Amino acid sequence: MKKRLLLIGIILVVTGCSSSFTFSEINAESVNNNVQEFISNIEVENGIYLYLDGKKAAYIFLNGIYVAQGSDAIYFSGFNVNSQRDTLNIFFNQEYDSDYSNANLNYQVLYEIKTGKVYDSINIFCNGKPTSFDIIAGN
């Protein structure tokens, strides 16, 4: 009986500590006008962009669509998010390919993170190393 109670207690603690956010890759046409306007203003340069939509959501726009002549194309993979107390941690990989025409690679991608609370800080990691946003905006 004690083992069952202990198991139930552990399950309650684990489920009680579950994250208060969800994230997914989305299409830029599916977001509100404010986010669309932000993306249209910044998509002319490669970079890492954050748009905070109040307490409802955060949008991460990764743009590597512009390729300098003689350079490899930049694409993105391995997007993931976790939280530690009041900090949201965002991870992604930036990779390179000489095949510019590969339509299966994400040269430009938008992620929506639906937050269930306000985070004190947001950290971003590229290939496991801390990096920074090129532009942060919001409403």
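User: Which residue of strand 6 stands opposite Tyr59?

Analyst: Glu112 stands opposite Tyr59. Strands here are DSSP runs (E, at least two residues), helices are H or I runs of at least four, and both are numbered from the N terminus.

User: What kind of model is this, and what are the ground rules?

Analyst: It is a predicted model: local features need pLDDT of at least 70, side-chain atom pairs need 80 or more, and totals for chains, interfaces and linings use all residues. Residues are numbered from 1 along each chain as its sequence is written, and side-chain values use heavy atoms, leaving out hydrogens and water.

User: Back to the strands. How many bridges join strand 3 to strand 6?

Analyst: There are 7, and the two strands run antiparallel. Strand 2 and strand 3 are also antiparallel, joined by 7 bridges. Within that pairing, Leu50 has Ile60 as its bridge partner. Two strands count as paired if DSSP finds at least two bridges between them.

User: Which residue in the hairpin of strand 2 and strand 3 takes a positive phi?

Analyst: Gly54, with phi near 60°. That hairpin has 3 residues between the strands.

User: How do strand 1 and strand 6 run?

Analyst: Antiparallel, with 6 bridges joining them. Thr22 has Lys114 of strand 6 as its bridge partner.

User: Is strand 3 buried or exposed?

Analyst: Buried: 7 of its 7 residues are, so strand 3 is largely enclosed by the rest of the structure. Buried means under 20% relative accessible area, exposed over 50%, and partly exposed in between (1.4 Å probe, protein chains only).

User: Which way do its side chains point?

Analyst: Ala57, Tyr59, Phe61 and Asn63 point one way from strand 3. Ala58, Ile60 and Leu62 point the other way. In a regular strand the side chains alternate between the two faces of the sheet.

User: Now Val109. What does it touch?

Analyst: Its contacts (heavy atoms within 4.5 Å) are Glu25, Ile60, Phe61, Leu62 and Phe76, not counting residues up to four places away in sequence. Val109 sits in strand 6. Val109 counts as buried, at 2% relative accessibility.

User: Cores next. How many residues has the largest nonpolar core?

Analyst: It has 20. A nonpolar core is a set of buried Ala, Val, Leu, Ile, Met, Phe, Trp, Tyr and Cys residues joined through side-chain atoms within 4.5 Å. Those with the most contacts inside this one are Ile60, Leu62, Phe79, Ile90, Phe92 and Ile113. Strand 4 gives the most, with 4 residues. A second, separate core has 12 residues, including Ile26, Val31, Val35 and Ala57.

User: How many aromatic pairs turn up?

Analyst: The whole structure holds 6. Rings of Phe, Tyr and Trp (its six-membered ring) pair if their centres lie within 6.5 Å; planes under 30 degrees apart are stacked, over 60 edge-to-face, the rest tilted. Phe38 and Tyr51 are tilted because their planes are at 45°, with ring centres 5.2 Å apart. Phe38 is in helix 2 (residues 33-42) and Tyr51 in strand 2 (residues 47-53), so the pair ties together parts 13 residues apart in sequence. Both are buried. Ring pairs also link Phe23, Phe79 and Tyr111 into a cluster.

User: And how many salt bridges?

Analyst: The structure holds 1. Lys117 pairs with Asp86, the closest N and O atoms being 3.0 Å apart. The criterion is a side-chain nitrogen of Lys or Arg within 4 Å of a carboxyl oxygen of Asp or Glu.

User: Are those two buried or partly exposed?

Analyst: Lys117 is partly exposed, with a relative accessible area of 31%. Asp86 is partly exposed too, at 35%.
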